[in-house]
Amino acid sequence: MNDNPCLLFMSSLDDPDEWTRALHEAWPEIEVRVWPDVGNADDIDFALVWKPEPGALRRFRNLRLIVNLGAGADAIAADSTLPENVPIARLADTGQAEMMSGFVLLCVLQYHREVQRLEVAKRARRWDYVHPKAHADTRVGLMGLGYLGVHAANVLTDMGFRVSGWSRTPKVLPQVETFAGLKELSRFLANINILVAMLPATSETYHILDREVFYALPRGAKFINVGRGSTVDESALLQALLGGQISAATLDVFETEPLPPEHPFWLMDQVTITPHIASVAVPETAARQIVANCRRLLSDESPEFVIDRARGY
Ligand SMILES: NC(=O)c1ccc[n+]([C@@H]2O[C@H](COP(=O)([O-])OP(=O)(O)OC[C@H]3O[C@@H](n4cnc5c(N)ncnc54)[C@H](OP(=O)(O)O)[C@@H]3O)[C@@H](O)[C@H]2O)c1
């Protein structure tokens, strides 16, 4: 019999010691067990997991909450071996949101300030003066206005960029022109200079960024993908880049990761490739949110940020 709340940590990608420290800081009484040293399986109240082995969570009969160690829930939502009666929550970590918004801002500023043109000019020893434009001259479109999308929208509007956003259901956000659903997609795309995809991988978003979407943007638009690779039809993007419809892209996520060495994106000057590093969970801040959610269950409140398994996010 274990009186203290007990959390099982199960991720081969994250440092268990760092997470245990952060969880103890947020909740000194919590006992953290690290997979595969689970002890008595009946003690486990909560599981903090990233891509758990299929079926591995079935033996924890007293599990009250599964926390996905990430914002993207595609892997866990697709796992049919997880107990159906236990809610799955995703991370909603302020540290991760800051990191993601920082990455988006970095990419947006690089395009707005034409950093690539300046690098080319520097290599040619050319003083390439072009009068700088105001941030308000650039319209950024965010596809996805979820936890991370809204944070990025706030950071971009604070910096003076004009921001539009698109989501599945209608949203009202200060200083953001919002659109919802497929019916409003082409209106959303019509006057965007930089499109940022921050969508989850679901059956509905599969290849949602297709030829039609790229050609609904003004010619020469830039594209940034920090959501999931499966949302982009990569051959349509390749054609749009080769034809100049999309003048440059920064891609952090791909249909196949790692991106295969023979992929044409590697050789394209107008494509920046980053290896799925736009943002990660920050143990210190994430642990506070995880603990608050676990505590809600102990006081018979519903957990927050629960994934809708059927919807896929
Ligand atoms: N590259 C990286 O390092 C990295 C790191 C973290 C996360 N991510 C990715 O970023 C994604 C977004 O994170 P988040 O926390 O903002 O997710 P979230 O809170 O689940 O929000 C998802 C957003 O996408 C919208 N959406 C979903 N399906 C849609 C559809 N069919 N049509 C239109 N809009 C749709 C949702 O609309 P509603 O608001 O109407 O529901 C919502 O606004 C994650 O799913 C993950 O895949 C990537």
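The legends below describe close-up views of a predicted model.

Residues are numbered from 1 along each chain as its sequence is written, and side-chain values rest on heavy atoms, with hydrogens and water left out. In this predicted model, local features need pLDDT of at least 70 and side-chain atom pairs count only at pLDDT 80 or more, while totals for chains, interfaces and linings use all residues.

**View A. Packing of helix H3 against helix H5.**
Helix H3 (residues 94-112) packs on helix H5 (residues 147-158) at an angle of about 55°, and their axes lie 9 Å apart. Helices are DSSP runs of H or I with at least four residues and strands are runs of E with at least two, numbered from the N terminus. Axes are lines fitted to C-alpha atoms, for helices over the stretch in contact, and angles run from 0 to 180 degrees between N-to-C directions. H3 and H5 are therefore oblique to each other; angles under 35 degrees count as roughly parallel, over 145 as roughly antiparallel, 65 to 115 as roughly perpendicular and the rest as oblique. The crossing of H3 and H5 is right-handed, that is, the near helix is turned clockwise from the far one by less than a right angle. On the H3 side, the contact (heavy atoms within 4.5 Å) includes Met 100, Val 104, Leu 105 and Val 108, and on the H5 side the residues include Leu 148, His 151, Val 155 and Leu 156. By class, 10 nonpolar, 4 polar and 1 charged residues form the contact of H3 with H5. Ala, Val, Leu, Ile, Met, Phe, Trp, Tyr, Cys and Pro count as nonpolar, Asp, Glu, Lys and Arg as charged, and the others, Gly among them, as polar.

**View B. Packing of helix H1 against helix H9.**
Helix H1 (residues 16-26) and helix H9 (residues 283-298) meet at an angle of about 55°, with axes 8 Å apart. That makes H1 oblique to H9. The crossing of H1 past H9 is right-handed. Glu 18, Trp 19, Ala 22, Leu 23 and Ala 26 of H1 are in contact with H9 residues that include Pro 283, Ala 287, Ile 290 and Arg 295. This contact of H1 with H9 has 9 nonpolar, no polar and 4 charged residues.

**View C. The largest cavity.**
The structure holds 1 cavity of 30 Å³ or more. On a 1 Å grid over the protein atoms alone, a cavity is a set of points where a 1.4 Å probe fits but cannot get out, and a pocket is an open set with protein on both sides within 12 Å along at least five of seven lines; lining residues have an atom within 4 Å of a point. The largest cavity contains about 40 Å³ of space. Its lining includes Asn 225, Val 232, Glu 234, Leu 251 and Phe 265. The lining of the largest cavity has 6 nonpolar, 2 polar and 1 charged residues.

**View D. The second largest pocket.**
The second largest pocket has a volume of about 430 Å³. Of its 20 lining residues, Gln 110, Tyr 111, Glu 114, Gln 116 and Lys 222 are the closest to the centre. H3, helix H4 (115-123) and strand S11 (246-251) each give two or more residues to this lining, and H4 provides the largest share, 4 residues. The lining of the second largest pocket divides into 4 nonpolar, 9 polar and 7 charged residues.

**View E. Backbone features in loops.**
The peptide bond from Trp 35 to Pro 36 is cis, with omega near 10°; Pro 36 is found in the loop between strand S2 (31-34) and strand S3 (46-49). The bond from Glu 257 to Pro 258 is also cis, with omega near -5°, and Pro 258 is placed in the loop between S11 and strand S12 (271-273).

Key:
Points joined across faces, edges and corners; volume = space filled by probe spheres on them.
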